[in-house]
Amino acid sequence: MTIFYFVAFLSIFFALMTIFTKNPVHSVLYLVITFFTFTVHYILLNAQFLAVVNFIVYMGAIMVLFLFVLMLLNLNKDTEPMKSNLVKFMGAIAGMCLLATFLGAFKVIETDNGMVQAHENIGLVKNLGKVLFSDFLLPFEISSILLLTAMVGAVLLAKKEPRVKHG
Amino acid sequence: MDTAFIIEKLILVVIVFVITLVIAMYSTLAERKIAGFMQDRHGPDRAGLFGILQPLCDGGKFFFKEEIIPAGAHKSLFILGPTLAIITACISSAVIPWGQTLTIGDRSILLQVADVNIGVLYIFGVIALGVYGIMLGGWASNNKFSLMGAIRAASQSISYEIAMGLSIIALLMVTQTLSIGEIVAQQSGFVNWNIWAQPLGFLIFMTCAFAECNRVPFDLPECETELVGGYHTEYSSMKLGLYMFSEYINMFVSSSLMAALYFGGYNFPFMYDLGLSENWITIIGTLVFFLKIFGFIFFFMWIRWTLPRFRYDQLMNLGWKMLIPLAIANIVLTGIITIVKDTYFN
């Protein structure tokens with residue numbers, strides 16, 4: 001339990017650093033460390049597969065792309081667009097709504113749920129694979145179609161349209 | 001977990017670490033010797049017998065050179081870059097099985113640091129992390145050539161990781177486990193080597209390993225004809241040394257991975273027919289494993305002095321339009337063969 005509290009403290013600390021640091025590249029690096037602490041959390045929960053996939057996909061691929069874009073952008077204080085007060089106000093309200101939703105969601109979760117305790121090895125690759133391809137086959141396949149849709153959409157957006165002449 | 005177990009693992013870690021560093025050191029010498037051999041000249045032969053002390057001299061030179069951090073560089077990230085590169089290179093060897101169990105007295109010692117049951121995925125995680133070292137170093141240098149080298153490294157590594165993962169999936173369909181220790185144990189003898197079941201998968205994996213190690217013909221991140229020195233243009237002294245060293249360690253680790261996943265690891269033909277005791281089989285097996293690794297390292301160097309570098313668009317076309325479709329076809333083919341085998345030949 002002490003390990004959990006220590007890692008949880010680190011997660012929150014680095015998450016706050018991600019928000020408060022001024023340099024965008026530092027911000028991405030703190031986010032990478034935050035994801036790493038999530039990996040440690042998954043290992044503590046005996047969810048090996050989720051841990052290593054979080055490591056590969058979030059830390060190894062998505063954050064590299066974030067860093068990639070930031071390096072090309074050359075963000076300085078001069079070029080930083082100032083957000084209007086209206087946007088800031090809306091952001092604060094949206095954040096509060098998210099917080100309220102999370103609090104409500106966590107309140108109804110029963111931590112001593114029998115389902116979780118009966119399958120404590122569910123996070124190992126073998127068990128997870130069996131469950132995904134038998135009990136949850138339909139949601140699994142539908143989510144793969146969702147990902148395919150997103151991919152096709154991204155390709156479509158990135159593809160150059162032939163320029164249409166006006167007048 | 002008793003103390004003896006911890007001490008045993010600690011000794012194993014230190015041995016693996018030292019062997020990795022020594023092999024990386026002597027790879028630099030071997031590279032120059034092989035280059036000399038291929039270009040019909042001697043190569044370094046002044047320091048010691050046949051130039052055997054050359055890596056030590058190079059290391060000493062790196063340590064004693066002046067350390068320069070450019071004025072416009074981002075200091076902490078400039079130091080973090082090579083540090084990350086060498087750390088990620090060193091930790092990936094933790095899940096590679098160097099041999100079977102060795103029995104000393106009544107203790108049996110497994111010659112593998114950590115037999116985790118997601119070993120293959122662990123390797124992928126570490127490879128994915130490896131690109132941060134190059135990217136941070138390149139960006140922190142505040143030099144456009146370094147930045148271009150870093151960006152090339154990142155996009156190359158991400159592109160080839162996909163094909164590498166897909167080629168591994170076909171292998172996992174055959175072996176049905178993610179533990180590298182178990183994958184190697186399955187390949188006992190000679191006919192059970194995975195290369196016979198997955199020849200196409202091996203070729204894809206090897207090509208991607210070349211690209212992930214930034215070796216010729218995929219060394220676009222440090223392409224000196226276009227980018228001065230690529231991502232490490234601004235680096236000097238041991239920080240440059242660490243980047244070069246991590247490249248050689250990566251080469252060693254990917255060679256051992258290829259030998260373990262596809263060429264039977266510590267298994268050799270007729271290993272149980274010679275009437276040797278268990279310990280001797282383990283020791284010979286480990287030696288054979290290193291022999292296979294050296295073979296792959298030689299192959300890496302052979303390619304370096306044979307093929308010219310790709311152009312960048314050729315590199316991307318090869319990765320996305322050739323290797324990925326080929327790897328997917330390999331997965332489908334493996335699936336069909338497995339089903340046909342199960343239904344008609346059982």
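Predicted model: local features only at pLDDT ≥ 70, side-chain atom pairs only at ≥ 80, totals over all residues.
View 1. Helix α2 spans residues 24-44 of chain A, and helix α3 spans residues 48-73. Their axes lie 8 Å apart, at an angle of about 175 degrees. Angles over 145 degrees count as roughly antiparallel, so α2(A) and α3(A) are roughly antiparallel to each other.

**View 2. Two assigned domains of chain A touch each other.** Domain 1 covers residues 1-75 of chain A, and domain 2 covers residues 110-160. Six residues of domain 1 and six residues of domain 2 make the contact. On the side of domain 1 that touches domain 2, four residues are nonpolar, two are polar and none is charged.

**View 3. Transmembrane regions of chain A, as annotated in an unreviewed UniProt entry.** The record places them at residues 6-21, 28-45, 51-73, 85-106 and 136-158 of chain A. In the model, residues 85-106 of chain A are 100% helix and 0% strand. The end C-alpha atoms of residues 85-106 lie 32 Å apart. Residues 136-158 of chain A are 96% helix and 0% strand. For residues 136-158, the end C-alpha atoms are 33 Å apart.

**View 4. Chain B meets chain A.** The contact draws on 15 residues of chain B and 14 residues of chain A. On the side of chain B that touches chain A, the elements giving two or more residues are α4 (119-140) and α5 (144-175). The largest share of that side comes from α4(B), with nine residues. By class, the chain B side has 14 nonpolar residues, one polar residue and no charged residues.

**View 5. Helix α5(B) packs with helix α8(B).** Helix α8 runs over residues 199-212 of chain B. The axes of α5(B) and α8(B) are 9 Å apart, and the angle is about 155 degrees. Angles over 145 degrees count as roughly antiparallel, so α5(B) and α8(B) are roughly antiparallel to each other. The crossing of α5(B) with α8(B) is left-handed. In α5(B), the contact uses Gln156(B), Ser157(B), Tyr160(B), Ala163(B), Met164(B), Ser167(B), Ile168(B), Ala170(B) and Leu171(B). In α8(B), the partners are Gly201(B), Ile204(B), Phe205(B), Cys208(B), Ala211(B) and Glu212(B). These residues divide into 10 nonpolar, four polar and one charged.

**View 6. Helices α10(B) and α11(B) cross.** Helix α10 covers residues 237-261 of chain B, and helix α11 covers residues 278-304. Their axes come within 8 Å and cross at roughly 120 degrees. The two helices, α10(B) and α11(B), are therefore oblique to each other. The crossing of α10(B) with α11(B) is right-handed. Met251(B), Phe252(B), Ser255(B), Ser256(B), Met258(B) and Ala259(B) represent α10(B) in the contact. On α11(B), the contact residues are Phe289(B), Lys292(B), Ile293(B), Phe296(B), Ile297(B) and Phe300(B). The contact counts nine nonpolar residues, two polar residues and one charged residue.

**View 7. Transmembrane regions of chain B, as annotated in an unreviewed UniProt entry.** The record lists residues 6-29, 77-99, 119-141, 162-181, 193-211, 248-268, 280-303 and 323-340 of chain B. Residues 77-99 of chain B are 65% helix and 0% strand in the model. The end C-alpha atoms of residues 77-99 are 38 Å apart. Residues 280-303 of chain B are 100% helix and 0% strand. Here, for residues 280-303, the end C-alpha atoms lie 35 Å apart.

Methods. Residues numbered from 1 in each chain as written. Chains lettered and ligands numbered in written order. UniProt positions renumbered as here; feature names shortened; annotations may be inferred. Helix = DSSP H or I, 4+ residues; strand = E, 2+ residues; numbered from the N terminus. Contact = placed C-beta atoms within 7 Å. Nonpolar A, V, L, I, M, F, W, Y, C, P; charged D, E, K, R; others polar. Domains from an automatic or database assignment. Axes fitted to C-alpha atoms, helices over the stretch in contact; angles between N-to-C directions. Parallel < 35°, antiparallel > 145°, perpendicular 65-115°, else oblique. Left-handed = near helix turned anticlockwise from the far one by under 90°.
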